[in-house]
Amino acid sequence: MSAPERIPPRSVTTAELLAEGELTVRGRIREASNAVLLCDVTYEGQKASCVYKPVAGERPLWDFPDGNLARREVAAHEVSEATGWGLVPTTVLRDGPYGEGMCQLWIDAVSEGSDLLALVDGEEPGEGWKAVGFAEVGEGRTALLVHADDERLRRLAVLDVVINNGDRKGGHLLPAPGGRLFGIDHGVTFNAENKLRTLLWGWAGEKLTPEAVEVLERLRGALDGTLGVRLGELITAAELDATRARVAGLLTSGRHPEPSGEWPAIPWPPV
């Protein structure tokens, strides 16, 4: 008698693993201003490390009175996926040990390819770099803050405009194996008012790349379809309308925006 045919195990997606798996808290990341828990998640024989941010651990923000950080983090991932650029680690909304929160795949950052920001002497950024602005470095000295003229950063700069990111710091950029770059910490996004604060101003006023224009056209359609429906479950109607308006504005101007001058354009601390 022949042995019974063995059915290979079902392939579990990262989203399924994060959404359905059992969370085991390993510790707290204490540098964060809100509760951020490092966890293991296991499901159907698969295991990964992840970050769990419970809504119960969020500090209220006067300028973000509606919704919560966790849902905006998930919304940022949804928009990232719709671009096709995959700039935000897989992020889901789920119940956990401390209630509803967002759960995001942990990214092991690598040092290779991590030269994305620098402070340089002089008034010009140098080849391969884009100027952000001058920063005080102590004892009355200033240095020019620059970021790499990197296609990955430029894509992230476009995404940040779309989601209205109010906190794009250097520490939120994670170079990953294989040359990928991820952006994390998207809790202060999608405000109906312009809140863009970022270190990625190097392309301000420059024309968008043809790739970015194509992606934005695709996003405009998606926001009127399934992406809009999904975001409507995560952010307010006013925030969703503002997201549509930002995409339309980028397509109309065809350029990266410039700082408004109405508030600090660079987050503090910058890293």
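1. Basis. Residues are numbered from 1 along each chain as its sequence is written, and side-chain values use heavy atoms, with hydrogens and water left out. Because the model is predicted, local features need pLDDT of at least 70 and side-chain atom pairs count only at pLDDT 80 or more, while totals for chains, interfaces and linings use all residues. Helices (H or I, at least four residues) and strands (E, at least two) are DSSP runs, numbered from the N terminus.

2. Geometry of the pair. Two packed helices are described by the angle between their axes and the distance between the axes. The axes of H3 (residues 151–163) and H6 (residues 237–253) come within 8 Å and cross at roughly 135°. That makes H3 oblique to H6. Axes here are lines fitted to C-alpha atoms, for helices over the stretch in contact, and angles run from 0 to 180 degrees between N-to-C directions. Angles under 35 degrees count as roughly parallel, over 145 as roughly antiparallel, 65 to 115 as roughly perpendicular and the rest as oblique.

3. Residues at the crossing. Val-161, Val-162 and Ile-163 on the H3 side meet Thr-243, Arg-246, Val-247 and Leu-250 on the H6 side, where contact means heavy atoms within 4.5 Å. By class, this contact has five nonpolar, one polar and one charged residues. Ala, Val, Leu, Ile, Met, Phe, Trp, Tyr, Cys and Pro count as nonpolar, Asp, Glu, Lys and Arg as charged, and the others, Gly among them, as polar.

4. Helix H3. The end C-alpha atoms of H3 are 19 Å apart, which agrees with the 18 Å that its 13 residues should span at 1.5 Å a residue; the expected span is 1.5 Å times one less than the number of residues. In H3, 11 of the 13 residues are buried (under 20% relative accessible area; exposed is over 50%, partly exposed in between; 1.4 Å probe, protein chains only). The cover over the buried residues of H3 includes helix H2 (69–83), strand E8 (141–148), helix H4 (210–223) and H6.

5. Ends of H3. Asp-150 caps the N-terminal end of H3, with a side-chain oxygen 2.7 Å from the backbone nitrogen of Arg-152. This is a polar contact (a pair of N or O atoms within 3.5 Å; within protein, one must be able to donate a hydrogen and the other to accept it, and residues adjacent in sequence count only if both atoms are side-chain atoms). Asn-164 follows H3 and has a positive phi, near 60°.

6. Helix H6. H6 has 17 residues and reaches 24 Å from its first C-alpha to its last, close to the 24 Å expected. Its buried residues, among them Thr-243, Arg-246, Val-247 and Leu-250, pack against H2, H3, H4 and helix H5 (226–232).

7. Loop between H3 and E9. Asn-165 lies in this loop and counts as buried at 0% relative accessibility. A polar atom of the Asn-165 side chain lies 3.0 Å from the backbone nitrogen of Asp-167. His-172 lies in the loop between H3 and E9 and is buried at 8%; a polar atom of the His-172 side chain lies 2.9 Å from the backbone oxygen of Asp-167.

8. Loop between E10 and H4. Asn-191 lies here and is buried, at 8% relative accessibility. Residues touched by Asn-191 include Asn-164, Glu-239, Ala-242 and Arg-246.

Definitions and conventions:
Lists of a residue's contacts leave out its neighbours within four places in sequence.
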